[in-house]
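Dear colleague,

Please find the structure below, handed over for your records. My notes on what was found in it follow directly after.

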Amino acid sequence: MTRVLSFQAGMNGIIAGALLWALPSGSALAADKPPAPRRDIPAAVAGFDWSGVYIGAHMGYGGGRATTTLFDPAATPGAHDFGSINGGVQAGYNVVLPSRLLLGVEADITFPGYLDANPVRSFAHGAGFDVTEKMDYAGSLRARIGYAAPAWMIYATGGVAFEGTRFVTALPSGFNSNSLRLRAGWAAGAGIEYAIAPEWSARLEYLYRDFGTADVALPTGARYATRHDFQTLRIGLNRRIDWPGTPRPASVAGDDGASIWEVHGQITYLPQGYPRFAAPYSGPNSLTPAPQAQATWSSSLYLNARLWDGGEIYFNPELLQGFGLSDTYGVAGFPNGEAQKSNFSYPRFNPSRFYLRQTFGFGGEQETLESGPSQLGQKVDVSRLTVQAGKFAILDVFDGNAYAKDTRKDFMNWSIWAPGAFDYAADRLGLTYGVSAELNQKAWALRAGYFLAGAESNANNFDMKLFQRGGYVVELETRYSLFAQPGKLRTIAWLNSAYSGSY
């Protein structure tokens with residue numbers, strides 16, 4: 001069973017997705033008579049209304065220093081510096097007084113990156129055991145005070161902070177024990193925010209959080225005391241939420257009427273389970289015969305923007321959470337293609353895709369490219385060359401079939417959507433770094449690309465012996481019509497060169 005919630009939004013409006021989630025539109029400035037826009041401020045944002053409810057997302061870099069003491073039974077002090085990317089969501093409410101004084105309240109929650117080292121805060125070695133402190137999430141509830149100009153605002157903020165922490169003890173038996181703690185502290189910071197569209201604003205914010213001291217009794221009889229702070233510098237994107245029926249302000253578009261930037265999003269929840277069954281043999285790599293139910297949950301944003309004529313940039317941050325059946329073991333063609341992204345009790349942040357695309361038009365007949373998560377809506381020449389470079393999946397460019405390409409809305413089984421051959425160059429989540437080029441004509445298209453292969457299978461680091469190792473892919477797509485129905489025939493050739501076993 002699959003449940004998908006998706007939405008997409010652009011500067012020209014909000015478009016319903018698989019299940020309609022239409023965010024309310026913005027409104028004009030709340031004052032009786034807004035001031036005339038200055039020439040150096042776009043008219044669409046000169047009267048931006050900072051008051052009201054907003055929701056948003058953020059990402060940045062966070063780090064700090066942890067001081068520790070392991071009592072086993074003698075005290076052994078230690079200190080650890082940590083830092084990693086992180087991301088999360090926020091929501092708040094603002095009131096703007098006639099003097100332009102801004103008063104507000106905001107709640108936020110932040111999650112660490114998905115790599116194994118990202119949530120680690122501290123660690124210690126005892127007599128026959130190890131203990132590691134990991135952050136599951138960190139949040140705050142803060143007041144805000146600032147000055148709100150017509151198109152920007154600056155603010156200071158402060159309040160209470162909280163953090164979900166787990167202390168993982170590696171026992172001599174080979175098993176791990178988890179001790180969960182909810183830590184409380186305080187937060188303070190400052191930021192600047194700028195209106196980029198009638199209902200949207202972008203921000204840059206610094207936030208400091210102190211979580212005090214935690215003292216944990218370990219299953220070995222030892223004690224572990226830690227104290228750490230957490231500083232983050234992050235960028236964010238907010239959208240105002242208005243009541244239904246509020247008039248929508250004019251949108252901002254380029255000279256050709258196309259959106260300068262767009263925001264799309266999708267939330268995918270995949271629950272799976274089965275009843276008890278008989279199994280003559282069961283091992284660590286088997287599905288457990290006991291009844292079970294598991295689920296994965298991914299939340300994705302797609303931020304697309306035009307930089308210049310033909311130049312576009314795409315960014316796809318995600319929050320990943322959940323587990324596959326039997327820890328994603330036991331089935332060769334696993335029934336949930338999202339499971340390899342997860343294996344986390346709490347969401348983890350991943351800046352999945354980030355790439356630059358340049359299109360060179362050769363003139364002549366034009367066609368419309370519909371707006372979507374990986375495509376800015378626009379008109380382009382049918383005869384064109386498109387070059388793309390950065391971090392993305394090979395399947396984003398090649399094998400563009402409409403039925404087994406995206407596990408969040410198509411077939412979910414790995415045996416159907418994952419070729420496993422020409423897209424071998426990928427990390428654990430199916431992404432890689434590379435460059436591709438497509439020459440498109442009315443009756444055919446020719447695509448080619450080079451991509452980095454992992455240094456080891458399902459790893460998150462890549463073999464950097466460029467062109468000596470990696471994946472080469474070529475695809476020829478021809479278009480035809482059969483009984484007045486359009487069709488496509490794709491022929492794909494590939495070569496993978498990797499440091500691996502010989503089969």
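The lining of the largest cavity divides into 6 nonpolar, 5 polar and 7 charged residues; here Ala, Val, Leu, Ile, Met, Phe, Trp, Tyr, Cys and Pro count as nonpolar, Asp, Glu, Lys and Arg as charged, and the others, Gly among them, as polar. The model is predicted, with pLDDT of at least 70 needed for local features and 80 or more for side-chain atom pairs, while totals for chains, interfaces and linings use all residues. Residues are numbered from 1 along each chain as its sequence is written, and side-chain values use heavy atoms, leaving out hydrogens and water.

The structure holds 1 cavity of 30 Å³ or more, and the volume of the largest cavity is about 100 Å³. Of its 18 lining residues, Trp50, Tyr54, Asn94, Ser201 and Arg240 are the closest to the centre. At least two lining residues each come from β3 (52-71), β10 (200-217) and β11 (223-241); strands are DSSP runs (E, at least two residues), numbered from the N terminus. A cavity is a set of points, on a 1 Å grid over the protein atoms alone, where a 1.4 Å probe fits but cannot get out, whereas a pocket is an open set with protein on both sides within 12 Å along at least five of seven lines; lining residues have an atom within 4 Å of a point. A volume is the space filled by probe spheres set on the points, which are joined across faces, edges and corners.

The second largest pocket contains about 1000 Å³ of space. Its lining comprises 42 residues, of which Gly56, Ala57, Leu237, Leu301 and Leu303 are the closest to its centre. This lining divides into 27 nonpolar, 11 polar and 4 charged residues.

The largest share of the patch, 3 residues, comes from β5. Leu101 is found in strand β5 and is partly exposed, at a relative accessible area of 31% (buried is under 20%, exposed over 50%, partly exposed in between).

Finally, Asp309 lies in the loop between β13 (292-308) and β14 (311-322) and is exposed, at 75% relative accessibility. Asp309 and Phe360 are 51 residues apart in sequence and 9.0 Å apart in space, C-alpha to C-alpha.

Yours sincerely

Key:
Helices (H or I, at least four residues) and strands (E, at least two) are DSSP runs, numbered from the N terminus. Buried means under 20% relative accessible area, exposed over 50%, partly exposed in between (1.4 Å probe, protein chains only).
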